[in-house]
Amino acid sequence: MTAERELSAFGVIAALIRRDVQIALRRRAEMANPLLFFLMVCTLFPLGIGPEPTRLAALAPGVIWVVALLACLLASDGLFRSDYDDGSLEQMLLSPASLYLLALAKSIAHWLITGLPLVVMSPLMAVLLQLPSAAMPTLALSLLLGTAVLSLIGAIGAALTVGLRRGGLLIALIVLPLYIPVLIFGASAVQAAADGFSSAGQLAVLGALLALAMPLAPLAVAGGLRVSVDN
Amino acid sequence: MPLLELRQFACERDDLPLFAPVDLRVNTGSIALLEGPNGVGKTSLLRTIAGLTSRYRGEMFWRGRPLQRARVEFANESLYLGHHAGLKAALSARENLLWWASLRGVDARASADGALQKVGLAGYEISPCYQLSAGQQRRVALARLFLLDVPLWILDEPFTAIDKHGVAELESWLVAHADRGGAVLLTTHQALSITRPLLNVALNTAVEESMDEFVDDR
């Protein structure tokens, strides 16, 4: 065999993330679905409840956060689906690399594909919904922390339901209760910023949730994947 | 010491054995062929050895150690090719191989093209896999055999979608691997014309025992 170079753990993670992002960039339509959903719902709100700025501004933090959460939920269903269908998941389970690291890499890649674009689009949504411009940095920061937690939690639901033919509703039941704290603190951070108060406390809680989810969620994902493939 | 040894081994489904317990010793240099009718559990047996399911009775040993406690060594020294090849349609043949190698902690940029050439896919390195035929996709998957030096090959129906010439080639690769001191465990319904003596393992359905238990449970 020809000379081979060993990869470090970071090298393995980087290679996996690169592959998932590469696939997403080649199948842009799939990647765009949750983003279009986010954009459409946020556009429809002013049409539905009238363009009056004060009323829209009052609803904006909650609406943007709920829609972002649903967009993440929508996207998380497909996290392991194609890997399961084409056998890549089997190869991942059989690799000598730790499944924990692979699960973490998949979650990070998923966040780069779905969560990060939501964060980038959020100022546009803020303008559409008349959110005071002072609250925009908080909105972006809260979504940055929050969508990362949502991706990690969504991966748990996706791992547990990937072996089922119709996991669509089940994944919502598993994941939504865990999403709720993120929604509460995310929306309330933006609300506080819009009202002119400090949002440091809520953002700190979001950061704490991320610090908790980052090391723990991949454990559950790894366990869920093993169960899902064992059938 | 055999590479892989199974003692009184049977896969289970719903707590019932799928087939009558088998004993199997795969030594270096041997090509073991699992035989049996459709649905007897050949794929389940391979998946269980590979480590994808944990529902079985009996014992498995890898180089003399219980397999459950040697999973990492086993993962490093074995390669499983199932019904689904684990190829991403959107990625090129080369990218698919690189990803698979990186799962095993190896940067295969130097050897990927050579492996593809070996399986007759020179010139297809950067074609996306959805443009390849079923047989060519199978060959991309088989290129993994040449990507890393792995002693045990576990191949589930490796001849699917491969043309006549390719079948002969694959047979020669199996023989060459066994000659080098490797081992192969495979299933196929193809009549093989392999020059080496094969280790035939026949799986038989475990009807009587399972039916008895089934009645007892009632």
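Two residues are taken to be in contact if their C-beta atoms, placed from the backbone, lie within 7 Å. The model is predicted, so local features need pLDDT of at least 70 and side-chain atom pairs count only at pLDDT 80 or more, while totals for chains, interfaces and linings use all residues. Residues are numbered from 1 along each chain as its sequence is written, and chains are lettered from A and ligands numbered from 1 in the order in which they are written.

The contact between the chains takes 28 residues from chain A and 31 residues from chain B. On the side of chain B that touches chain A, at least two residues each come from helix H2 (71-77), helix H3 (93-103) and strand S8 (106-107) of chain B; helices (H or I, at least four residues) and strands (E, at least two) are DSSP runs, numbered from the N terminus. H3(B) gives the most to this side, with four residues. By class, the side of chain B that touches chain A holds 16 nonpolar, eleven polar and four charged residues. Here Ala, Val, Leu, Ile, Met, Phe, Trp, Tyr, Cys and Pro count as nonpolar, Asp, Glu, Lys and Arg as charged, and the others, Gly among them, as polar.

Within chain A, the axes of helix H8 (residues 168-194) and helix H9 (residues 200-229) come within 8 Å and cross at roughly 150°. Axes are lines fitted to C-alpha atoms, for helices over the stretch in contact, and angles run from 0 to 180 degrees between N-to-C directions. H8(A) is therefore roughly antiparallel to H9(A); angles over 145 degrees count as roughly antiparallel, and those under 35 as roughly parallel. From H8(A), Pro181(A), Val182(A), Phe185(A), Gly186(A), Ser188(A), Ala189(A) and Ala192(A) meet Gln202(A), Leu203(A), Val205(A), Leu206(A) and Leu209(A) of H9(A). This contact has nine nonpolar, three polar and no charged residues.

H7(A) also packs against H9(A), at an angle of about 20° and with the axes 7 Å apart. The two helices are therefore roughly parallel. Their contact has 20 nonpolar, five polar and no charged residues.

The largest nonpolar core has 136 residues, of which Ile64(A), Ala68(A), Leu97(B), Ala143(B) and Ile154(B) touch the most other members. Such a core is a set of buried Ala, Val, Leu, Ile, Met, Phe, Trp, Tyr and Cys residues joined through C-beta atoms within 7 Å, a residue being buried if 20 or more other C-beta atoms lie within 10 Å of its own. Helix H7 (residues 136-161) of chain A gives the most to this core, with 14 residues. Neighbours within four places in sequence aside, Ala68(A) is in contact with Phe38(A), Leu118(A), Leu143(A) and Thr147(A).

Key:
Angles under 35 degrees count as roughly parallel, over 145 as roughly antiparallel, 65 to 115 as roughly perpendicular and the rest as oblique. A residue is buried if 20 or more other C-beta atoms lie within 10 Å of its own, exposed if 12 or fewer, and partly exposed in between; C-beta atoms are placed from the backbone.
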